[in-house]
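This report covers the fold of one chain, the interface between two chains, and one residue inside the other chain.

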Amino acid sequence: DVKVTQSSRYLVKRTGEKVFLECVQDMDHENMFWYRQDPGLGLRLIYFSYDVKMKEKGDIPEGYSVSREKKERFSLILESASTNQTSMYLCASSLTGYSVALHFGNGTRLTVT
Amino acid sequence: GDSVTQMEGPVTLSEEAFLTINCTYTATGYPSLFWYVQYPGEGLQLLLKATKADDKGSNKGFEATYRKETTSFHLEKGSVQVSDSAVYFCALSEGNDMRFGAGTRLTVKP
């Protein structure tokens with residue numbers, strides 16, 4: 001089974017802090033994604049990556065950046081955390097191809113105070 | 001752009017009741033359609049999918065049929081169980097990214 005591991009289950013950070021969310025997958029998937037999940041809004045795509053050192057903006061990239069130095073690892077960075085970034089963050093990975101499903105980690109619940 | 005609209009929740013049913021969660025989509029091409037389920041405290045996991053018109057996806061007693069004429073992919077189950085309580089997401093993909101609906105929370109009571 002594909003395993004997508006997010007390094008933290010819960011995080012509490014202060015406004016203005018730089019925050020790193022880490023994600024690792026163990027199945028050699030080319031694609032990796034970061035979503036945020038908010039009640040009533042579903043999942044919104046922040047950034048995705050098709051390959052090492054490649055990144056593409058999703059629907060809501062403002063205030064975020066990403067890093068993919070190794071194929072198995074995809075990091076989400078909040079340059080200066082704000083309270084409106086309090087959310088559940090979900091990492092996912094997939095193979096490249098048509099009609100492929102995403103494999104998700106269990107999520108990181110981030111609270112910014 | 002592509003988008004998914006699913007019925008608002010929450011939905012509360014008694015055990016053994018029939019379930020329908022509506023999902024409609026907007027897409028420029030010919031997307032693949034998915035249902036994902038999120039159990040409490042977990043990430044999303046694939047429940048079923050369909051890749052072309054009139055395809056039926058099925059898994060764990062759940063079914064959904066890809067209806068191009070009505071741009072719909074409604075999720076159904078004939079007899080729900082308490083263990084089906086979760087949030088259900090409809091999604092579509094036309095390439096490597098995936099678009100999700102807002103999610104529908106289902107609670108099944110004994």
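The radius of gyration is taken over C-alpha atoms, and the globule rule is 2.2 Å times the number of residues to the power 0.38. For 110 residues a compact globule would have a radius of gyration near 13 Å, and chain B, with 13 Å, agrees. This is a predicted model, in which local features need pLDDT of at least 70 and side-chain atom pairs count only at pLDDT 80 or more, while totals for chains, interfaces and linings use all residues. Residues are numbered from 1 along each chain as its sequence is written, chains are lettered from A and ligands numbered from 1 in the order in which they are written, and side-chain values use heavy atoms, with hydrogens and water left out.

**Chain B**

Chain B has zero helices and twelve strands; helices (H or I, at least four residues) and strands (E, at least two) are DSSP runs, numbered from the N terminus. The C-alpha trace of chain B spans about 40 × 25 × 20 Å along its principal axes. Of the 110 residues in chain B, 45% are buried, where buried means under 20% relative accessible area, exposed over 50% and partly exposed in between (1.4 Å probe, protein chains only). Contact means heavy atoms within 4.5 Å. Among contacts in chain B between residues at least 6 apart in sequence, 55% join residues at least 24 apart.

**Interface of chains A and B**

At the interface, 24 residues of chain A are in contact with 22 residues of chain B. The two chains bury about 1800 Å² between them, with 48% of it on carbon and sulfur atoms; buried area is the accessible area (1.4 Å probe) that two parts lose on being put together, summed over both. Between chain A and chain B there are six residue pairs in polar contact, both residues at pLDDT 80 or more. β5 (31-38) and β6 (42-49) of chain A each supply at least two residues of the side that touches chain B. β5(A) gives the most, four residues.

**Side-chain pairs**

A salt bridge is a side-chain nitrogen of Lys or Arg within 4 Å of a carboxyl oxygen of Asp or Glu. A polar contact is a pair of N or O atoms within 3.5 Å; within protein, one must be able to donate a hydrogen and the other to accept it, and residues adjacent in sequence count only if both atoms are side-chain atoms.

| Side chains | Type | Distance |
|---|---|---|
| Arg99(B) and Asp59(A) | salt bridge | 2.3 Å, N to O |
| Ser93(A) and His29(A) | polar contact | 2.8 Å |

Ser93(A) lies in strand β10 (residues 87-94) of chain A. Ser93(A) is buried, because its relative accessible area is 0%.
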